[in-house]
Amino acid sequence: MSPTRRALLGSAALGVAGALAGCLGGGAGDANDPEAESDRRQVSGTDSDPTVVKPRNPDGESVLLDGSETNGAGEPVPIGRELVTSASRANELLVAEGVGDADRERTRTFLDETDYDAETVYVSQGGVRSCQRLVIHSVSWRPGHVEYEYCRELRPPDEACEADAGAALALLFRLPVALDGRLTGSGSSGRTPCRTTETEYAVIDGNATVPGNETAIDEGGDAS
């Protein structure tokens with residue numbers, strides 16, 4: 001129904017001015033309506049301590065796949081950036097081969113434990129150097145747009161990594177708001193290295209593989 005028809009229909013009962021105010025969400029009543037103000041706060045916000053998991057795939061180009069869509073070879077296609085707004089959609093997300101068992105379980109648990117009536121999962125995929133990790137500082141959202149801030153630092157020496165190699169990385173943020181699935185834009189900003197860090201090391205030998213546990217992300221690693 002076009003705005004013109006809404007205005008005409010509304011004017012028959014409430015007057016044109018009232019109908020337009022209702023369509024636009026304006027009017028004096030909204031300014032003092034706690035529910036309306038709460039809704040406005042929820043569509044935009046920032047979380048400076050976000051809940052996020054960061055599974056890696058050291059052997060592939062992607063971490064998460066779309067189980068509801070296949071390519072010409074009949075294989076699930078990689079997930080790019082997406083807002084996951086329902087448990088049914090979360091169930092369609094598959095973890096790619098090459099992701100460690102602990103990361104696989106952590107990702108599945110994260111998706112399953114999200115309350116999609118009140119929360120949304122923002123998924124973003126990218127890459128990172130094998131011996132580096134991302135530290136997430138914040139995530140912000142507004143209608144149709146999500147962005148996050150991060151820095152990079154070296155991973156602990158007791159975690160397995162390979163110098164000069166890369167790894168696929170997925171970031172799954174749990175946003176404390178129920179958003180619709182529309183995503184028209186996204187972004188990120190960061191720096192290397194982190195300005196402040198709790199690590200006590202500055203260099204990993206560039207010619208060696210650092211031995212460690214089997215998963216690329218574990219307690220003290222990229223998971224937070």
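## Disulfide between Cys151 and Cys194

The disulfide of Cys151 and Cys194 is right-handed, because the torsion about its S-S bond is about 95°. This link spans distant parts of the chain: Cys151 belongs to strand E10, while Cys194 lies in the loop between strand E13 (185-191) and strand E14 (209-210), 43 residues apart. The structure is a predicted model, and in it the two sulfur atoms of Cys151 and Cys194 are 1.9 Å apart.

Cys151 counts as buried because its relative accessibility is 1%. Cys194, with a relative accessible area of 9%, is buried as well.

## Disulfide between Cys131 and Cys161

The count of disulfides comes to two. Besides the link described above, Cys131 is joined to Cys161, with an S to S distance of 2.1 Å. Cys131 sits in the loop between strand E8 (120-129) and strand E9 (132-142), and Cys161 in strand E11 (residues 161-162), 30 residues apart. The link of Cys131 and Cys161 is right-handed, with 85° about the S-S bond, and both cysteines are buried.

Counting bonded cysteines along the chain, the disulfides follow the pattern 1-3, 2-4.

## Aromatic contacts

Three aromatic pairs are found in the whole structure. In one of them, Tyr148 and Phe173 are tilted, at 5.2 Å centre to centre and with 35° between the planes. Tyr148 is in strand E10 (residues 145-154) and Phe173 in strand E12 (residues 166-175), so placed that the pair links distant parts of the chain, 25 residues apart. Both Tyr148 and Phe173 are buried.

Tyr148 and Phe173 also belong to one aromatic cluster with Tyr122 and Tyr150. Elsewhere, the charged end of Arg174 sits over the ring of Phe110, 4.3 Å from the ring centre.

Key:
Residues numbered from 1 in each chain as written. Predicted model: local features only at pLDDT ≥ 70, side-chain atom pairs only at ≥ 80, totals over all residues. Heavy atoms only, no water. Phe/Tyr/Trp six-rings, centres within 6.5 Å; stacked < 30°, edge-to-face > 60°. Helix = DSSP H or I, 4+ residues; strand = E, 2+ residues; numbered from the N terminus. Buried < 20%, exposed > 50% of the residue type's maximum accessible area, 1.4 Å probe, protein only. Lys NZ or Arg CZ within 6 Å of the ring centre and 35° of its normal. Disulfide = S-S within 2.5 Å.
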